[in-house]
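Here is a short report for a first look at this structure. Please keep the model open while reading.

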Amino acid sequence: AGPALIVRAAWPELAARPAWGALLIALGAAALLTAWLQRAEAGKEPPADAPIFLAVATAAVLLGFGAWDLLPEKLLPAGWLAVALLIAAAGRRIPDAAFTFVALAAAACAAGYSAGLVGALWQTALGSLFGDPALARHLPAPADALLALALPAALLAALALLLRAPSQRTRRALLAVAAGFALATLYILAKQVFAIGTEEEFARKGFAERTAITQALFLIGWLLASWRPRLGRLTVDGAALAGAITFIAALRLIWFDMLLHNPLLYEQWVGTLPVLNLLLPAYLLSAVWLYGARRRSDAETRSGFWLCAFLAALTLGVMLMVRQVFQGPYLTGLAAAPLAEVYMYSLAGLLLSAALIVGGVLLKDKAVRLAGLGLLTATILKVFLSDAAALEGLLRILSFFGLGIGLIGVALLYGPILRAEAGARAQP
């Protein structure tokens with residue numbers, strides 16, 4: 001390897017790049033043949049046989065530099081992964097740990113180089129986390145994403161299945177990187193659908209685009225929730241993968257749609273029709289997905305993140321729908337709220353709290369029931385301290401009367417539940 005690589009680096013003009021590539025690949029094949037001739041010394045358990053390791057590592061270096069000379073830059077990660085697959089295939093015939101180690105090293109180099117080829121994606125994604133609109137023209141071209149991300153993702157998945165006796169953690173790490181590259185490819189392709197190129201277009205179409213991407217992630221997570229196939233010796237835990245993808249979707253919803261680009265604070269077009277607008281899938285459908293994730297997870301997790309995300313999406317979605325009825329497709333401008341809108345928030349809070357209480361009873365979910373009571377308490381305080389103060393005479397009396405009727409209904413519904421729970425605790 002030494003003479004060939006030194007001459008290639010010092011005097012590249014001695015031959016064309018394809019000729020250099022062919023020479024290096026031939027030398028790499030010879031190094032791999034050396035490992036084959038040493039196969040009698042292979043050990044099935046670590047550590048690797050030193051001569052075999054040196055031969056395989058030399059082969060990988062030579063084949064990698066040969067791919068550098070023969071392939072265009074965008075196909076180089078795929079070429080290096082092909083080298084890793086070749087070494088992994090040889091390792092299935094020669095049971096030595098050297099093949100697994102070198103194949104994983106080649107795959108790591110390929111994955112790192114692949115990520116570097118789409119640096120614009122990571123730069124745009126990082127900027128979006130701080131409020132910069134993620135515009136399609138700032139992202140890599142779809143063809144580049146397919147070559148630099150999608151093709152390596154497929155090869156990484158194949159490598160995870162081809163390696164001889166790696167740990168389950170190693171296989172899952174390869175599949176996780178492959179899944180990340182695949183999701184990044186889908187993200188780039190999805191951004192081309194809306195083709196948002198300016199900040200003005202972002203104000204008109206950004207909310208719809210984010211909603212479509214987030215809902216697609218929630219749908220993928222739901223489809224994977226009960227998926228547990230076997231791929232060779234590898235059992236794919238669809239529930240864990242579903243939880244990870246659903247968690248990414250939830251983070252997108254919380255960070256972008258609830259905080260950073262909340263249509264109440266940031267100019268975003270949400271639709272013109274009452275109820276049947278983008279707020280319905282963006283928040284209420286997301287609440288359905290989040291509650292489904294809560295029901296699928298264990299008890300410890302269900303009491304935390306998923307519950308809070310579900311309640312936040314549901315409450316914010318309902319209140320923004322009230323806002324949309326009075327303000328139209330753009331919800332910014334807090335000082336412009338009419339008095340009727342202020343009262344509608346109270347009515348929506350009462351109805352939503354009743355729905356949470358009833359839902360908690362039917363689903364046997366105490367936390368949801370308590371959340372409904374908490375929202376009811378907050379709504380009552382708003383009515384007493386804010387709404388009623390702006391009314392006079394008969395209107396104030398009617399507001400208190402309606403609130404009292406609502407509280408009596410909640411008491412009639414919740415009283416038997418409290419008595420049943422008290423009776424269950426009293427039993428030995």
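The text below covers aromatic pairs, a pocket and a surface patch.

This is a predicted model: local features need pLDDT of at least 70, side-chain atom pairs count only at pLDDT 80 or more, and totals for chains, interfaces and linings use all residues. Residues are numbered from 1 along each chain as its sequence is written, and side-chain values use heavy atoms, with hydrogens and water left out.

**Aromatic pairs**

A pair of aromatic rings is described by the distance of the centres and the angle of the planes. Rings of Phe, Tyr and Trp (its six-membered ring) pair if their centres lie within 6.5 Å; planes under 30 degrees apart count as stacked, over 60 as edge-to-face and the rest as tilted. The count comes to eleven aromatic pairs. Two of them are set out here.

| Pair | Centre to centre | Angle between planes | Type |
|---|---|---|---|
| Phe 53 and Phe 101 | 5.8 Å | 50° | tilted |
| Phe 305 and Trp 306 | 5.1 Å | 70° | edge-to-face |

Phe 53 lies in helix α3 (residues 50-70) and Phe 101 in helix α5 (residues 97-117), so the pair ties together parts that are 48 residues apart in sequence. Helices are DSSP runs (H or I, at least four residues), numbered from the N terminus.

How covered are these rings? Buried means under 20% relative accessible area, exposed over 50%, and partly exposed in between (1.4 Å probe, protein chains only). Phe 53 is partly exposed at 29%. Phe 101 is exposed at 54%. Phe 305 is partly exposed, at 29%, while Trp 306 is buried at 8%.

Ring pairs also join Trp 68, Trp 80 and Tyr 113 into a cluster.

**The second largest pocket**

A pocket is an open set of points on a 1 Å grid over the protein atoms alone, with protein on both sides within 12 Å along at least five of seven lines; lining residues have an atom within 4 Å of a point. The second largest pocket has a volume of about 270 Å³. Its lining counts 14 residues, and Ala 60, Val 61, Ala 105, Ala 106 and Cys 109 lie nearest its centre. Helices α3, α4 (76-93) and α5 each give two or more residues to this lining. The most comes from α3, with seven residues.

**A nonpolar patch**

Leu 126, Leu 129, Phe 130, Trp 255 and Leu 259 make a nonpolar surface patch of about 540 Å². Patch residues have over 30% relative accessible area and no salt bridge, with nonpolar side chains joined within 5 Å. A salt bridge is a side-chain nitrogen of Lys or Arg within 4 Å of a carboxyl oxygen of Asp or Glu. Two or more patch residues come from each of α6 (119-129) and α10 (238-260). Leu 259 sits in helix α10.

Notes. Patch = residues over 30% accessible without salt bridge, like charges linked within 9 Å, V, L, I, M, F, W, Y side chains within 5 Å. Areas by Shrake-Rupley, 256 points an atom, 1.4 Å probe, with all protein chains shown as cover. 1 Å grid on protein atoms, 1.4 Å probe; cavity = no way out; pocket = protein on both sides within 12 Å on 5 of 7 lines; lining within 4 Å. Points joined across faces, edges and corners; volume = space filled by probe spheres on them.
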